[in-house]
Amino acid sequence: MSVLIYVDQADGQVKKASLEAASYGAEVASQLGVEANALVLGTPEVDLSSLGSQGIKKVFQVKQAELNQFDAQQQAAVIAEAVSKTGATIVVLSNNLTGKALGPRLSARLKAGLVAGAVGLPDTSAGFVVKKGVFSGKAFASIQVPTALKILALTPNAFAVKEGGGVAVVEELAVAVPAAKTKLISTNKIKGQIPLSEAELVISGGRGLKGPENWGMIEELAQLLGAATACSRAVADAHWRPHHEHVGQTGGSIAPNLYFAVGISGAIQHLAGVNRSKVIVVVNKDPEAPFFKAADYGIVGDAFEVMPKIIEAVKKLKAS
Amino acid sequence: MKILVCISKTPDTTAKIAFTDNNTKFVTEGVQWILNPYDEWYALVRAIELKEKDPSVTIHLINIGGADNDAIIRKALALGGDEAIRVNLESTDSFTIASQIAAIAKEGAYDLIFTGKETIDYNGSSIGGMVAELLDMPFVSLATKFELNGSVATLNREIEGGEETVEAPLPLVVSCQKGMAEQRIPNMKGIMGARTKPLKLVEPVAVDALTSIASFELPPAKAGVKLVPADQPEELVRLLHEEAKVI
């Protein structure tokens, strides 16, 4: 019996969401009194023994360069074999974009109950129950997983990365790798920006900012704090900002530690994408803006007057 | 070419979320039901666009649920599906639902299976991947663009911090999101025509569920917003640093 954590990579680096999954998986393992091992597919450039820091005992690496490119069908086959070879009874992965492609495939392949979007540790007092978000962030459901093999896909930013002193043993795992059916043609990444889905802090602007030329203050605050930038649907639809920044029901769904919304009224469709944020700050000149009801902190005021002062105060804070 | 579009019924985005029976049942009174937006706006409309380009394309719709799902199925037919299949089963287990779709898909020998990126009620994002695995087909998740050249599809899919373009052979399963297509409103001709389009009722195949919902809960109520005067924005920064400890 063991917990096997699938650790995925991007550009040769381990994704932050996978460090969260590793930390979470190690905690699940210690709760059950079993070992936590990691599975890495491909040849990332980093020293994988550092996963010991997250509580991983052993890292199994399937060292085949063709696995650096992601094909869900191929990876699911490889992971399934690794699960049986390592005797894992729980598979943990991030419910990030790769996890959403892999978790369901593995579940169907291994007849293993899947919790897609776990937000907490299992409750084993009556069976094996894990909580996940439902109704677009408006509720939680406790999912009972009765199958012998279980798959937990952890919501990004729902579990803190553990930084301990451990060193993991890295071991090569020989697994047959079937040919990938999909072929990567090109990758288009926005350079130098924090991916919205991985950001701990997010500064977001809405129609209240009046035009794309006024985004300087959003970008400046984001840069000062090391935050990602986001926007409302109206802003993306008007092409003031790129579509990948759009958060809300039809755009991205995020759960950062801080969501700082400027000039966004907070329609229910927008809230559906951001209501899992730990702290919500709203700056809006309309005191009736529905967003204030969902916010933790707020300023009723003109963004054009308030934001420069906030930027000044953050500069002072960072300098102190 | 045959396309199967998986459609689901969900509560309207603005529906009040409440639970009953010791928090084990979603309160459906007063809830307006809609076609799941991702299934409708992106999966179905993209399939319709492919049919408009190539009239030999047939679009079948599949839904898993009871007779009260027929209204949203008729709406999807009004938008442009050719015929629909409803598997007569109520379930909240993704694997049970995916198994029903896979059984129908196997029989129908579809070239393409489209799903929305997730339903807005259970947010599992699981059906497409499970169907693909059950049928041993490739799967491209969270696609924002789909083009077809013969029997090879070119797709954009979302990755952390950007997109990648991939090529995939048919038959193929795709989960669709924003970018794939634009929302449409059914027209009168479509609505009239939908009444006579075939809606086939099928009994489910037997499947052992892999999960079940033990209970629901609502998130703890927010303490209420702490308002900072507009002329003291530095106080907000202090609170975020010292009280909320997020910056």
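About 6,700 Å² is buried between chain A and chain B, and carbon and sulfur atoms give 61% of that area. Buried area here is the accessible area (1.4 Å probe) that two parts lose on being put together, summed over both. Leu97(A), Phe135(A) and Tyr297(A) supply 12% of what chain A buries against chain B, more than any other three residues. The model is predicted: local features need pLDDT of at least 70 and side-chain atom pairs count only at pLDDT 80 or more, while totals for chains, interfaces and linings use all residues. Residues are numbered from 1 along each chain as its sequence is written, chains are lettered from A in the order in which they are written, and side-chain values use heavy atoms, with hydrogens and water left out.

**The interface of chains A and B**

In chain A, 84 residues are in contact with 74 residues of chain B, contact meaning heavy atoms within 4.5 Å. Between the two chains, 31 residue pairs are in polar contact, both residues being at pLDDT 80 or more. A polar contact is a pair of N or O atoms within 3.5 Å; within protein, one must be able to donate a hydrogen and the other to accept it, and residues adjacent in sequence count only if both atoms are side-chain atoms. Helix α3 (residues 97-110) of chain A gives the most to the side of chain A that touches chain B, with nine residues. Helices (H or I, at least four residues) and strands (E, at least two) are DSSP runs, numbered from the N terminus.

**Salt bridges**

The structure holds 30 salt bridges over all chains, and seven salt bridges are found across the interface of chain A and chain B. The rule asks for a side-chain nitrogen of Lys or Arg within 4 Å of a carboxyl oxygen of Asp or Glu. Asp8(A), Lys15(A) and Glu160(B) are linked in a network of such bridges.

| Pair | N to O distance |
|---|---|
| Arg109(A) and Glu133(B) | 2.7 Å |
| Lys16(A) and Glu20(A) | 3.3 Å |
| Lys85(A) and Glu81(A) | 3.6 Å |
| Lys9(B) and Asp68(B) | 3.6 Å |

Lys9(B), in strand β2 (residues 9-11), and Asp68(B), in the loop between β6 (58-64) and α2 (70-79) of chain B, are 59 residues apart and link distant parts of the chain. Lys9(B) is buried at 15% relative accessible area, whereas Asp68(B) is exposed at 53%. Buried means under 20% relative accessible area, exposed over 50%, and partly exposed in between (1.4 Å probe, protein chains only).

Lys16(A) and Glu20(A) both lie in helix α1 (residues 16-32) of chain A, four residues apart, about one turn of the helix. Glu20(A) is buried, with a relative accessible area of 3%.

**Helix α8 of chain A**

Helix α8 (residues 303-319) has 17 residues and reaches 24 Å from its first C-alpha to its last, close to the 24 Å expected at 1.5 Å a residue. The expected span is 1.5 Å times one less than the number of residues. Asp302(A) caps the N-terminal end of α8(A), a side-chain oxygen lying 2.9 Å from the backbone nitrogen of Phe304(A). Buried residues of α8(A) include Val306(A), Met307(A) and Ile310(A). The buried residues pack against α4 (216-225), β15 (258-262), β16 (279-284) and β17 (297-300) of chain A, together with α6 (233-243) of chain B.
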